[in-house]
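Dear colleague,

Please find the structure below, handed over for your own work. My findings follow it.

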Amino acid sequence: MKAIIKQVEGLSLVGKGESNHWIPMDGSKSFGGAEAATKPMELILLGLGGCTSMDSLSMLRKMRENVMDYQVEIEAERADEHPMIFTKIHLKFIYFGRNINPNNVKKAVELSMTRYCSVTAMLEKSSDITYDFEIKEVE
């Protein structure tokens, strides 16, 4: 896998990977950035959420669960000193639908978090990662 990062101006950057889609990035003003885009550490959390979401939603589709909407909320804590890595991450998976089987959701989330999501596998080497899920019935 390859990627490239290019400077736009100051700390405003764009990057793209092999999928050929540009992603803007920027830093906080206190660090010399313009706060014009997502920070790199935020992208890490978004990558984690995206990876686990794709896994669990794909599995639930194969299980024929009626998931009509979905979101995952992520909260993270970072170390106080540099390199200020994530030390704790919590994901709350929220599934909206009709008659969704909680056992299938539990299985899909657990499989993603413990077996399939490569982002989780990397981050859990330095972070305590926890998760839970909620199902909201939709009429």
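Lining the largest pocket are 18 residues, and those nearest its centre are F31, K39, P40, M41 and R78. A pocket here is an open set of points on a 1 Å grid over the protein atoms alone, where a 1.4 Å probe fits, with protein on both sides within 12 Å along at least five of seven lines; lining residues have an atom within 4 Å of a point. The space in this largest pocket is about 480 Å³, a volume being that filled by probe spheres set on the points, which are joined across faces, edges and corners.

The model is predicted: local features need pLDDT of at least 70 and side-chain atom pairs count only at pLDDT 80 or more, while totals for chains, interfaces and linings use all residues. Residues are numbered from 1 along each chain as its sequence is written, and side-chain values use heavy atoms, without hydrogens and water.

Helix 1 contributes the most to the lining of the largest pocket, namely four residues; helix 1 and strand 4 (66-78) each supply at least two. Helices (H or I, at least four residues) and strands (E, at least two) are DSSP runs, numbered from the N terminus.

M54 also belongs to helix 1 (residues 40-62). M54 counts as exposed because its relative accessibility is 65%, exposed meaning over 50% relative accessible area (1.4 Å probe, protein chains only).

Elsewhere, three strands form an open antiparallel sheet in the order 1-2-3; two strands pair if DSSP finds at least two bridges between them. Strand 1 (3-9) and strand 3 (22-25) are the edge strands, each pairing on one side only.

Yours sincerely

Terms used. Buried means under 20% relative accessible area, exposed over 50%, partly exposed in between (1.4 Å probe, protein chains only).
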